Amino acid sequence: MADRADDVAQRADDAELLEHFSAFARSAHPRAPLYSALSALAARDAQVAAILHHAPPPERVPVLFFAAVHALLLDEPDAELAQWYRNLTADPRSPTERSLGVVFHRFVSAHRAELEHLVATRTTQTNEVGRCSFLLPALGLLASEVGPIGHLDVGASGGLNLLLDRYEYRYRSDGSEHSVGGPSAVVLASDVRGDMPVPRALPEIATRCGIDRRPIDVTDPVEAQWLEACVWPDQVDRFRRLVAAIELARELPPELLAGDAVSSLRPAIDRVGASAHPVVTNSWVLNYLTPAGRIDYLAELDAIGAERDLSWVYAEAPALIPELPNEPDPIDAHRTVLSMVRWRDGHRTVTHLATCHPHGFWIHWH
């Protein structure tokens, strides 16, 4: 009976994985037609989908599997499957070609052991430098108020957003363009609606530091390549600017601390705020914490803000984070809201600044 129960549970797990791939194929199509096509293929192939069984249960998601495939292709750009990857070839083949299924299955079969190892030992991690486009005007407002900033980025990954003053920004609005910073190998362009206060100059960042559960050392080629692998290959602009940002970070690596968002917060704020006004940032990070963890995070910020002047800039999806202060209503679950929280003389104020594309391609300033 135990064996039969195990078989039933295994079939249920297999069916669930296939459904995950099927759902991802539908949702990814507008933004990532290649991953949509590959996910549809995996949804019809239990042997391919079963590779994800080697990942811990919370990590059994299609994007982890495809990041693992992408990582192997970055090592083998001459592999036949790479001909469909827009970031790896100048003339990519169409995802609608029927031959894609044969080539994909052949590649996965030949690299099965490597893929199983990657999904077992890796998690999906992103370091979206495009988010600096909406962090910059918020930090510019603060710098005009408080002077030099001590920047602490929570959920920093490889720390690339800590280098926002080394990038070039181009804000387009009503047919005109305003540039800030540069020249830089990393150019971030955003379409702006509303009267956004574009800084005349980059804010002065006196100190900077990042916290992450598993920080990525971008000076390590293997670690940096995993960051690149987590970018979807259809989104070539994101991939190229990530590669450029990693090169800048290798010249002057940001300081990163391995730690919990809550327990590491106070010592890290003390570290960056010893000689400058501390500004905490986080973007699409809080949805990875448990509800209790988010409550503890906000309570810790409040406790610190009661003792010293502090600012917090967050870009999150409030519909996914009901614990956020003064949640706008109604709100789309996937809309990113940029907000600023200030503690001055122990008093807290909250200002909702903008709604944004999660990768910074557009900003609607309030």
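Helices and strands here are DSSP runs, numbered from the N terminus. On that numbering, Asp-174 sits in the loop between strand S2 (168-173) and S3. The model is predicted. The largest pocket holds about 1,900 Å³ of space. The largest cavity holds about 50 Å³.

**Backbone features**

- Asp-174 is not a glycine, yet its phi is positive, at about 50°.
- Most residues other than glycine have a negative phi, and most peptide bonds are trans.
- The peptide bond from Gly-182 to Pro-183 is cis, and its omega is near 0°.
- Pro-183 belongs to the loop between strand S3 (176-180) and strand S4 (187-193).

**Helices H8 and H9**

- Helix H8 spans residues 221-229 and helix H9 spans residues 236-251.
- The two pack at an angle of about 155°, and their axes are 10 Å apart.
- Angles over 145 degrees count as roughly antiparallel, so H8 and H9 are roughly antiparallel to each other.
- The crossing of H8 past H9 is right-handed.
- H8 makes the contact through Pro-221, Ala-224, Leu-227 and Glu-228.
- H9 answers with Phe-239, Leu-242, Val-243, Ile-246 and Arg-250.
- By class, this contact of H8 with H9 has seven nonpolar residues, two charged and no polar.

**Helices H10 and H11**

- Helix H10 (residues 265-272) packs with helix H11 (residues 291-305) at an angle of about 40°.
- The axes of H10 and H11 lie 10 Å apart.
- H10 and H11 are therefore oblique to each other.
- Their crossing is right-handed.
- On the H10 side, the contact residues are Leu-265, Arg-266 and Ile-269.
- On the H11 side, they are Tyr-297, Glu-300, Leu-301, Ala-303 and Ile-304.
- The contact of H10 with H11 counts six nonpolar, two charged and no polar residues.

**Helices H4 and H6**

- H4 and helix H6 (residues 112-121) pack at about 125°, with axes 9 Å apart.
- That angle makes H4 oblique to H6.
- H4 passes H6 with a right-handed crossing.
- H4 brings Leu-64, Phe-65, Ala-68, Val-69, Ala-71 and Leu-72 to the contact.
- H6 brings Glu-114, Leu-115, Leu-118 and Val-119.
- Nine of the residues in the contact of H4 with H6 are nonpolar, one is charged and none is polar.

**The largest pocket**

- About 1,900 Å³ of space lies in the largest pocket.
- The pocket is lined by 45 residues.
- Closest to its centre are Thr-124, Thr-126, Trp-284, Asn-287 and Tyr-288.
- Helix H1 (2-28), helix H4 (62-75), strand S1 (149-154) and strand S5 (205-212) each supply at least two residues of the lining.
- H4 gives the most to the lining of the largest pocket, with three residues.
- By class, the lining of the largest pocket divides into 19 nonpolar, 16 polar and 10 charged residues.

**The largest cavity**

- A search of the whole structure finds one cavity of 30 Å³ or more.
- The largest cavity contains about 50 Å³ of space.
- Its lining consists of Thr-126, Asn-127, Glu-128, Leu-227, Val-231, Arg-238 and Leu-242.
- Three residues of the cavity lining are nonpolar, two are polar and two are charged.

Methods:
Residues are numbered from 1 along each chain as its sequence is written. This is a predicted model: local features need pLDDT of at least 70, side-chain atom pairs count only at pLDDT 80 or more; totals for chains, interfaces and linings use all residues. Side-chain values use heavy atoms; hydrogens and water are left out. Axes are lines fitted to C-alpha atoms, for helices over the stretch in contact, and angles run from 0 to 180 degrees between N-to-C directions. Helices (H or I, at least four residues) and strands (E, at least two) are DSSP runs, numbered from the N terminus. Angles under 35 degrees count as roughly parallel, over 145 as roughly antiparallel, 65 to 115 as roughly perpendicular and the rest as oblique. A crossing is left-handed if the near helix is turned anticlockwise from the far one by less than a right angle, and right-handed if clockwise. Contact means heavy atoms within 4.5 Å. Ala, Val, Leu, Ile, Met, Phe, Trp, Tyr, Cys and Pro count as nonpolar, Asp, Glu, Lys and Arg as charged, and the others, Gly among them, as polar. On a 1 Å grid over the protein atoms alone, a cavity is a set of points where a 1.4 Å probe fits but cannot get out, and a pocket is an open set with protein on both sides within 12 Å along at least five of seven lines; lining residues have an atom within 4 Å of a point. Grid points are joined across faces, edges and corners, and a volume is the space filled by probe spheres set on the points.
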